[in-house]
Amino acid sequence: MKIAIPMKDEERISNHFAKATHYLVLDSKTQQQISIKTNTDQSCASKEQTLAWLQTENVESIYVKDIGRHYWEKLTNAHFNTFRIARTIRTITEFWSGYQNSVALTDTKQLKADQKEKQSKACCHQQTTSHPISDTKRPMFARLRKISAICQQKSTVASCNTEKHCCGRHHG
């Protein structure tokens, strides 16, 4: 069976599939390298070329440490089996001694959250009373934090009718 592994360099396995510098195709029975593809950039076109290359090499399974949801969906739609290997596996030698314990990735819940998803969950899905502007520690936002605190304190005042700030008062 032909398998593919993303590589960080000549010896180390990449931590993330899309960020690999090259990809190895190996024979799982003989443990021999069959072919290699260099990944010169991480553009969408390069990802499509990698996917096409994996198909022409007749790869059946791909072993990764991490993979994004979109790339995983592309691989799954192209009928590749995707497995997660332990993050402690760093080299091909370590891979051969531990890849049987890999976990099949069959659901998006098993994947690492994308940065955009993490940011949206932090704003929309977590119950929190904090606000990104008032929580920032940057000096340029010190005045905004002060105004925000005053607005929060005075937002229950019935006489706040103007639209200069969130509570309707001008805070100088």
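**View 1. Arg12 is partly exposed, its relative accessible area being 40%.** This is a predicted model. Asp9 is also shown, and Arg12 meets the side chain of Asp9 in a salt bridge. The N to O distance of this pair is 2.6 Å. Asp9 has 25% relative accessibility and therefore counts as partly exposed, as buried requires under 20%. The salt bridges in the model come to five.

**View 2. A salt bridge joins Glu48 and Lys74.** The closest N and O atoms of the two side chains are 2.5 Å apart. Glu48 belongs to helix 1 and Lys74 to helix 2, so the contact ties together parts of the chain that lie 26 residues apart in sequence. Glu48 is partly exposed, at 39% relative accessibility. Lys74 is partly exposed as well, with a relative accessible area of 37%.

**View 3. Asp66, Arg84 and Arg87 form a network of salt bridges.** In the pair Arg87 and Asp66, the closest N and O atoms are 3.1 Å apart. This pair links distant parts of the chain, 21 residues apart. Arg87 sits in the loop between strand 5 (81–84) and helix 3 (92–98). Asp66 sits in the loop between strand 4 and helix 2. Is Asp66 buried or exposed? Asp66 is buried, with a relative accessible area of 9%. Arg87, by contrast, is partly exposed, at 45%.

**View 4. Helix 1 spans residues 44–56.** Its 13 residues reach 19 Å from the first C-alpha to the last. That is close to the 18 Å expected at 1.5 Å a residue. Which residues of helix 1 are buried? They are Ser46, Thr50, Leu51, Trp53 and Leu54. These residues cover an arc of only 160° around the axis, so they lie on the same side of helix 1. Residues three or four places apart in an α-helix point the same way, because there are 3.6 residues a turn. On the face turned away from the buried side, the exposed residues are Cys44, Gln49 and Thr56. Just after helix 1 comes Asn58, with a positive phi of about 60°.

**View 5. The buried residues of helix 1 pack against strands and a helix.** What do these buried residues pack against? Their strand partners are strand 1 (2–7), strand 2 (22–27), strand 3 (32–38) and strand 4 (61–64). Helix 2 (69–77) is a further partner. Among the buried residues making up this side are Leu51, Trp53 and Leu54.

Conventions:
Residues are numbered from 1 along each chain as its sequence is written. This is a predicted model: local features need pLDDT of at least 70, side-chain atom pairs count only at pLDDT 80 or more; totals for chains, interfaces and linings use all residues. Side-chain values use heavy atoms; hydrogens and water are left out. Helices (H or I, at least four residues) and strands (E, at least two) are DSSP runs, numbered from the N terminus. The expected span of a helix is 1.5 Å times one less than its number of residues. Buried means under 20% relative accessible area, exposed over 50%, partly exposed in between (1.4 Å probe, protein chains only). The arc is that of the directions from the helix axis to the C-beta atoms. Contact means heavy atoms within 4.5 Å. A salt bridge is a side-chain nitrogen of Lys or Arg within 4 Å of a carboxyl oxygen of Asp or Glu.
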